[in-house]
Every structure is written in structure tokens, then in C-alpha cells.
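Q: I have a new model open and would like to learn how to read it feature by feature. Could you walk me through it?

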Amino acid sequence: MKTIMRNASLLVMATGLISLAPAQAQKQTPPEGGPAKAFSVPANETYTLGNGMKVTLVPYGIIPKVTVSAAIDAGSINEASDHVGVSGLTADLMKEGTQSLSSEQLADATAKMGSTLDVAATADQTIAQLDVLSEFGPQAVKLLAEVLQHPRLPESELDRLKNDALRQIAVRSSRPQTIAQIRFRKILYGDHPYGTVLPTEADIKKIALQDVKSYFDGNFGAQRTHLYVAGKFDVSALKKAVAESFNSWGKGAPRVEKPATTKAQRILDVTDRPGAPQSTLIVGLPVPPPTSPDAIPLGVTNALLGGSFNSRITANIREQKGYTYSPRSEISRRYHDAYWAESADVTTQYTGASLKEIFGEIDRLKSEAPPAAELRGIQNYISGLFIIQNSSRGALISQLQYVDFQGLGENYLKTYVAKVNSVTPGDVQKMTGQYIKPDEMTIVVVGDKSKITDQLTPFQKGN
């Protein structure tokens, strides 16, 4: 009897599943999204201290937390050619105490505020930041001021941090993506600091404490620093803390600009990885800087072409052909500098075919404007993502730092969404033809030469 009942139950379940199948198979078209909303920059105040340091205060949100962030115009671009890697080591050492606080005391002080100290060097800047409970906002300003003006830079920690850097370099430099990036940037920028992705093992080993101190003394100062405070805080208390903590800081040396000179050129660069099951590709070329009026239309073009999951290149070589799992294009930016690049890890046997499809999609967009509906989907994606990305204290500060550093003007964030949505299909076609030119692209491939050389023949210069 139990067996009969069980079989009957299974039959009912199966019948139910069969009856549900047609309904599940019917896909419903989601409702069309509403118009993109403009991004509203919170009311803020920017002023300059007598020593040249800029301060931006942004009362924002209701969560009782505040982010205090300092952007100093000192990064790897300021490294001498014989001291590559010193900016990163300096940033690491700055977290190891101040003249009045040991490493342990500094860590304890930040922990009591509900935070940890973050100091990191990029190509153009060093960012030092604390995200604390609102009641500790003034103390966070004072602590960050001490880190920036009076770091301990202890020699006792230098070897440990150098060893950490060496391990990171060893891991990263073994990855084909890093190898390809190193080759691509070197071809694009040559001996300019932007052309260096990673210091070498020899670079790190020869850095002495005096090199760190010289770098710090030569690049850190008030006139190269912009302090940002965003969140829920007492404005008058923060201003008082800023004045007491930073007014006496010396101006320091002014920022030295080192503009990069790049040239679009068709070069095929291949690095051999015998037995590699995949080829890592980077193809790209210089494009207008962030200050160009074409920067936003070009960004929309990039998202449609390869810079989003719904992009054409992704649909082609990932969804339709299965050559790769995660292709993506980007516009990579530094100070008044940018390049466009498509990257992908593709199955070895489809190396040449992948390049053909990438360039084919570029040529298609150059010769034919995209449908308005396709472009609208991309614009909604960019607009929505922009709003989401600016919905936290840290993200808002990052946007303000970017705008100020590039000199884009106070209206940039306010008008960004409107400008994105004003791009027309004709603009996309124009941007592609004017700037994304396959014949002028550097092609970097890391893979098994014995299996890809013949596939790459059509992409050599002159072919």
C-alpha cells in the first residue's frame, strides 16, 4: 500500500511539473525602466589654508560615520628611475607609527575609533584614509595629520615590508595577465613612469631607508594635499581640528608634472608561454584624456563595444562563440592621460579568431551606428551604475578627488548623467571611427608560440 501511495505521489508531482513547464518556458518582457535620474552632488564647502592645503567638507547621510581622506600628489610618477617602488614602500611604512605613536599604539588608536588606517600609493597620488564613527571625526583629522606630517618610518620594519613586496611581485609577475599588462604599458609609454606596472625584485632590494625619507621629504607637503571629509559630522568641530592640525604644516615642494607622450602604433608583441592552454590578449591605443569634450561620449562607446556585460564584443566571443569567459574593454586613465584597451584570456586554438572578432566588432560599429534601443540600454546601465557608485562616503570622496585632480570643474558630476544620455547613435559611430582604430593598435599576446604563431600572421604590421 505504501508503495502504491508513493508512486501515486510521484505521479502527481510529475504531472504538476509537466503542467508548469509551459508557463515557465514563457519569458516575460520586463517593464521598461524609467528615465535616468541626475546625480545630485551633496552641498559641500571647499577652502584653502594659508599653506596651500585644500579642504573639502561634505555633510552627507544619516549614518553616524565619517570618512577622512587625504590625497597627496605623490605617486610612482615621482619616483626616480633608480628608485622604482619607493612610493609603495613609503606608503606602507607610513602605517607603522608616528613620532609620538608606535605601530601598536597607532593601530590601537584607529581601532578605538572603529577604523583602520589605509595608506596606498597609485601612479599619481598617495591616498591616506580613515573611516570612523562620527564622534571621532575631529580625532581622526588630528591622527591623519600626524601620520602625514610626522611618520616614524621605522627602519626595523623596512626588511619585512620589502619581503612582503617581493612576494607580491613574484605572485603577480607569474600571471599572464600581468605579463601582458607589463608589455603593453612599456610599449605605450616607454621609459615614462606610466610604463612601469611593477618594480623588479632588484628595484625593491636596493631601496634603503634614506631613499624612503628622501622621497617623503621631496614630495609630501601642504600645497600638494587635498583633505576630504564626508559623512555625518559637526562642521565647526571639524574645521577647528583641521586648523589646529594642518595650519603649521610646511608647503613643501610644488607638484612636478611629467606629461606622458604616447603614439598609436601597430605592433604585434608576443611572449611565449609553452604549453599554455590559453592566450592572454591586450589590444589598445591612446585616446583623449579625461579633460577632452569627447571623453564622455567615448566612455559610452566603450561600454557598448566591450566595457559592459551586455557589450558587443562580450556577446560575440563569450556568449556566441565561447572563446573566452571574461573579455572586457576599458578606458584606463591617469593624470591628463588615457588609453583604450580590450583584454581577454582566450582558448589557445581561438587566439587568431578572437582577434578577428574583436576587430570585426570595431569595424562594424565604425561603419554602422548602433540601434537607438541598444544605446539606450547602455546609457541606462552607465547612469544607474554612476548613481550607485556615488552612494557611499568613500565613493563620493573618490569621485570628488578624481574631478579635482583632473581639473574637470565643479559641474562635471552634476552634468555627467545628462551628458551620457545626450550621446546619439551617430556620436558612437563617430567616436569609434575617430579614436578606436584597429590599424593603429598595439597587440600584446602571451601564449604558446608553437600553437599561435600562424594564427597571428594576419595581424602583423602591414597585413
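A: Gladly! The strands involved are S3 (residues 65-72) and S6 (residues 225-231), which pair in the antiparallel sense over seven bridges. Keep in mind throughout that this is a predicted model.

Q: Which strands form the open sheet of six, and in what order?

A: In general, strands of a sheet pair through backbone hydrogen bonds, either parallel or antiparallel. Here the order of the six strands is S1-S2-S6-S3-S5-S4, and the pairing is mixed. At the edges stand S1 (45-48) and S4 (118-121); each has a single partner strand, so one side of each is left without a neighbour in the sheet. From one strand to the next, the twist averages 15°.

Q: What is the order of the open sheet of five strands?

A: That sheet reads S7-S11-S8-S10-S9, again with mixed pairing. Its edge strands are S7 (267-272) and S9, and because each has a single partner strand, one side of each lacks a neighbour in the sheet. Ignoring direction, neighbouring strands of this sheet are turned by 20° against each other on average.

Q: How many bridges join S7 to S11, and in which sense do they pair, parallel or antiparallel?

A: S7 and S11 (residues 442-447) pair in the parallel sense over six bridges. To find the spot on screen, look for Asp272, which stands opposite Gly447 in S11.

Q: And how do S9 and S10 run, parallel or antiparallel?

A: S9 (residues 328-334) and S10 (residues 337-347) run antiparallel and are joined by seven bridges. One landmark is Glu330, whose bridge partner in S10 is Ala341. The hairpin of S9 and S10 has two residues between the strands, and His336 takes a positive phi near 50° there.

Q: Let's turn to helices. At what angle do H12 and H17 pack?

A: The general idea is that two packed helices are described by the angle between their axes and the distance between the axes. For H12 (residues 351-367) and H17 (residues 449-456), the angle is about 35° and the axes are 8 Å apart. H12 contributes Thr351, Gly352, Ala353 and Leu355 to the contact, while H17 contributes Ile452, Gln455 and Leu456. Sorted by class, the contact of H12 with H17 has four nonpolar, three polar and no charged residues.

Q: What span should the 17 residues of H12 have?

A: At 1.5 Å a residue, H12 should span 24 Å; the end C-alpha atoms are 25 Å apart, which agrees. Several H12 residues are buried, including Ile358, Phe359, Ile362 and Leu365.

Q: Is Lys430 buried or exposed?

A: Lys430 has a relative accessible area of 51%, so it counts as exposed, the cut-off being over 50%. Lys430 is found in helix H16 (residues 425-435). Its C-alpha atom is separated by 7.1 Å from that of Lys366, 64 residues apart along the chain.

Q: Where does pLDDT stay under 50?

A: As a rule, where pLDDT is low, the predicted coordinates should not be read in detail. In this model pLDDT stays under 50 over residues 1-27, and that stretch has zero contacts beyond four places in sequence. For the chain, the mean pLDDT is 92, with 92% of the residues reaching 70 or more.

Q: How many helices and strands does the chain have?

A: There are 17 helices and eleven strands. Of the 463 residues, 48% count as buried.

Key
Residues are numbered from 1 along each chain as its sequence is written. This is a predicted model: local features need pLDDT of at least 70, side-chain atom pairs count only at pLDDT 80 or more; totals for chains, interfaces and linings use all residues. Side-chain values use heavy atoms; hydrogens and water are left out. Helices (H or I, at least four residues) and strands (E, at least two) are DSSP runs, numbered from the N terminus. Buried means under 20% relative accessible area, exposed over 50%, partly exposed in between (1.4 Å probe, protein chains only). Axes are lines fitted to C-alpha atoms, for helices over the stretch in contact, and angles run from 0 to 180 degrees between N-to-C directions. Contact means heavy atoms within 4.5 Å. Ala, Val, Leu, Ile, Met, Phe, Trp, Tyr, Cys and Pro count as nonpolar, Asp, Glu, Lys and Arg as charged, and the others, Gly among them, as polar. The expected span of a helix is 1.5 Å times one less than its number of residues. pLDDT is the predictor's confidence in each residue, from 0 to 100. Two strands pair if DSSP finds at least two bridges between them.
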